[in-house]
Amino acid sequence: MEQPKDFIREAIDEDLKTGRFNRAHTRFPPEPNGYLHIGHAKAIWIDYGIALDYNGKFNLRFDDTNPAKEDQEYVDGVIEDVRWIGANWEDRLFFASDYFEQMYEWAVQLIKAGKAYVDDLTPDEISQYRGDLKTPGRNSPFRDRTPEENLDLFTRMRAGEFPDGTKSLRARIDMAHPNMNMRDPIMYRILHREHHRQGNKWCIYPMYDWAHGLEDSIEGITHSLCSLEYENHRPLYDWFIDQLGIYHPRQIEFARLNLTYTVMSKRLLLELVNGKHVNGWDDPRMPTVCGMRRRGYPPEAIKDFCRRIGIAKSHNVIDISILEHCVREELNRVAPRFMGVLNPLKVVIDNLPEDHFEEMDALNNPEDPNAGTRKVPFTREIYIERDDFMEVPEKKFFRLAPGREVRLRVAYFLTCNSVVKDSEGNVTELRCTVDPATRGGNSPDGRRVKSTMHWVSATKSVPAEVRMYDKLFTCEDPGSQPGNFRDYLSPDSLTVLKDCRIEPAAANLKAGDRVQMERLGYFCLDPDTAPGRMVFNRTVSLKDSYAKGP
């Protein structure tokens with residue numbers, strides 16, 4: 001059964017039917033002043049997904065109109081992120097700054113038509129003159145300058161004659177308009193800053209509301225898809241285009257993505273980075289695309305997540321467990337399996353010789369018949385998970401205990417015979433035996449055990465550091481809580497385990513490779529990995545850890 005279409009696709013269908021447009025052409029227009037987050041990933045898949053569905057085109061365009069906050073580092077990071085997410089802009093990589101000359105000429109056109117004027121009010125005074133939702137604004141004393149005087153002043157603004165903040169170019173619309181955005185909005189401000197692409201060619205820069213629709217028009221965009229906060233800006237988008245008499249795209253708004261247990265504001269994310277509360281934009285606890293990539297989230301899972309949550313018209317908050325479910329599903333399908341031990345407890349198998357060595361066959365991925373098998377070394381001394389042993393077992397504890405038999409994954413039945421402790425009474429070693437007849441993990445006499453445990457060879461396994469990541473905040477919506485949102489940062493969002501061991505086949509992994517450590521979760525090899533020191537990030541647990549809340 002065909003899935004019902006979302007409201008954006010319904011609108012596009014109607015536009016194609018009525019002849020308003022004969023194609024679909026979308027764009028993703030990030031500002032290069034930070035790194036992308038999961039909300040941007042959703043926007044990308046809305047824009048790019050529509051281009052795919054309608055056999056249309058998709059542009060990647062940087063809205064680089066504010067040199068005070070922009071940097072080439074962010075441009076490079078966004079390009080990498082969009083490509084990794086899976087969107088293909090082909091040869092259509094654009095920059096708003098390449099349109100500055102055309103925008104300037106259009107501003108001159110509005111000045112000559114009496115639709116724009118140069119204002120000498122300061123930014124604070126402009127704000128005061130605007131009024132509020134209950135009070136109409138007041139006309140600037142400079143609003144009635146002649147087009148000739150405005151054109152002269154605007155030309156001198158471009159030439160660099162005036163200091164920052166002393167003049168601006170404003171649209172002449174209606175200072176009593178019920179929509180505050182229509183009360184003579186600023187089109188250009190003076191800003192003597194070097195631009196990352198244009199250098200010092202310009203000292204006046206267009207405001208977003210002025211530039212946005214012009215960029216769309218220049219590129220032939222049909223549907224300009226924006227988040228919901230731009231709904232009240234749409235009349236201004238339309239006004240500028242109509243006054244200029246240029247090609248007119250259609251703006252449609254959708255609800256932005258909000259996730260539990262994190263923040264999505266670029267300003268708040270920057271505060272976390274600058275305050276050293278996280279280890280950079282790509283910290284695996286961050287909702288940034290680069291952070292999720294480093295944590296081990298597959299792009300296919302992010303795409304699936306965006307498809308599942310759909311496109312909403314009103315504000316909503318999505319439970320992060322849905323995203324993690326998508327990650328689990330994808331990694332369960334594709335991730336190779338390895339055995340690793342996070343908190344090792346040494347086991348000595350007394351009925352094997354000291355130099356005992358054999359290799360066990362293990363499936364690389366039971367979900368993929370073509371993934372093949374690997375060899376896992378088995379020796380007299382192995383490590384098991386410390387949590388898998390209890391000297392005095394509780395009623396429902398079925399793993400290893402004195403006198404109890406368990407199955408070692410792909411190896412033997414193992415029985416614990418005695419416990420070795422240090423001077424403080426801590427268990428340091430287990431003395432055990434295996435049943436040679438159970439090689440491979442099955443008993444010829446049909447007896448059963450209640451637990452199967454993972455393990456690694458003590459002498460052949462390789463050391464690893466494992467970074468156990470959990471949710472960044474202690475509450476679902478930290479941005480709306482009393483006080484500062486940083487007050488709700490979780491002290492348990494990162495636990496670093498230094499003395500882990502993993503089977504030697506993992507030594508062939510490359511940074512960014514994703515694996516399942518059996519019974520432990522999904523992990524990704526971190527770029528911090530160095531010779532003799534593997535570093536893994538826990539991507540997600542095997543089961544949903546959010547179901548019962550914090």
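Tutor: One definition before we start: a helix's expected span is 1.5 Å times one less than its number of residues. Also, keep in mind that this model is predicted.

Student: OK, helix 12. What should residues 320–334 span at 1.5 Å a residue?

Tutor: The 15 residues of helix 12 should span 21 Å. Its end C-alpha atoms sit 22 Å apart, so the two values agree.

Student: Which residues of helix 12 are buried?

Tutor: I320, S321, L323, E324, C326, V327, R328, E330 and L331.

Student: What do the buried residues of helix 12 pack against?

Tutor: Two helices are on the list: helix 10 and helix 11 (299–309). Strands are there too: strand 10 (337–338), strand 23 (514–517), strand 24 (521–525) and strand 25 (534–540).

Student: And which residue caps the N-terminal end of helix 12?

Tutor: D319 does. One of its side-chain oxygens lies 2.8 Å from the backbone nitrogen of S321.

Student: Switch to helix 3. How far apart are its end C-alpha atoms?

Tutor: They are 20 Å apart.

Student: What caps helix 3 at the N-terminal end?

Tutor: D71. A side-chain oxygen of D71 is 2.8 Å from the backbone nitrogen of E73.

Student: Which residues of helix 3 are buried?

Tutor: Y74, V75, G77, V78, I79, D81, V82, W84 and I85.

Student: What happens just after helix 3?

Tutor: G86 takes a positive phi there, about 120°.

Student: Where does K276 sit, and what is its phi?

Tutor: K276 lies in the loop between helix 9 (266–274) and helix 10 (289–295). Its phi is positive, about 60°, although K276 is not a glycine.

Student: Now V410. What about its phi?

Tutor: V410 also isn't a glycine, and its phi is positive, near 60°. V410 is in the loop between strand 16 (405–408) and strand 17 (413–421).

Student: Is V410 buried or exposed?

Tutor: Buried. The cut-off is under 20% relative accessible area, and V410 comes in at 12%, so it counts as buried.

Student: New topic: helix packing. At what angle do helix 4 and helix 7 pack?

Tutor: About 115°, with the axes 11 Å apart. That makes helix 4 roughly perpendicular to helix 7. Helix 4 is residues 100–112 and helix 7 is residues 208–219.

Student: Is the crossing left-handed or right-handed?

Tutor: Right-handed.

Student: Which residues meet there?

Tutor: Helix 4 brings Q102, M103, W106, A107 and L110. Helix 7 brings W210, A211, L214, E215 and I218.

Student: Next, T26. Where is it, and is it buried or exposed?

Tutor: T26 is in strand 1 (residues 25–28). T26 is buried, at 1% relative accessible area.

Student: What does the side chain of T26 reach?

Tutor: The backbone oxygen of D47, at 2.8 Å. Beyond four places in sequence, T26 touches several residues, including D47, Y48, F58, I221 and H223.

Student: How about D526?

Tutor: D526 is in the loop between strand 24 and strand 25. With a relative accessible area of 0%, D526 is buried.

Student: Which polar partners does the side chain of D526 have?

Tutor: It makes a polar contact with the side chain of N537 (2.6 Å). It also reaches the backbone nitrogen of D528 at 2.8 Å.

Student: And which residues is D526 in contact with, leaving aside neighbours within four places in sequence?

Tutor: R294, R467, A511, V535 and N537.

Student: Last one, E367. Where is it found?

Tutor: In the loop between strand 13 (357–363) and strand 14 (373–379). E367 is partly exposed, at 46% relative accessible area.

Student: What is E367 in contact with outside its sequence neighbours?

Tutor: N332, R333 and R337, leaving aside neighbours within four places. E367 and N332 are 35 residues apart along the chain, yet their C-alpha atoms are separated by 7.3 Å.

Key. Residues are numbered from 1 along each chain as its sequence is written. This is a predicted model: local features need pLDDT of at least 70, side-chain atom pairs count only at pLDDT 80 or more; totals for chains, interfaces and linings use all residues. Side-chain values use heavy atoms; hydrogens and water are left out. Helices (H or I, at least four residues) and strands (E, at least two) are DSSP runs, numbered from the N terminus. Buried means under 20% relative accessible area, exposed over 50%, partly exposed in between (1.4 Å probe, protein chains only). A polar contact is a pair of N or O atoms within 3.5 Å; within protein, one must be able to donate a hydrogen and the other to accept it, and residues adjacent in sequence count only if both atoms are side-chain atoms. Axes are lines fitted to C-alpha atoms, for helices over the stretch in contact, and angles run from 0 to 180 degrees between N-to-C directions. Angles under 35 degrees count as roughly parallel, over 145 as roughly antiparallel, 65 to 115 as roughly perpendicular and the rest as oblique. A crossing is left-handed if the near helix is turned anticlockwise from the far one by less than a right angle, and right-handed if clockwise. Contact means heavy atoms within 4.5 Å.
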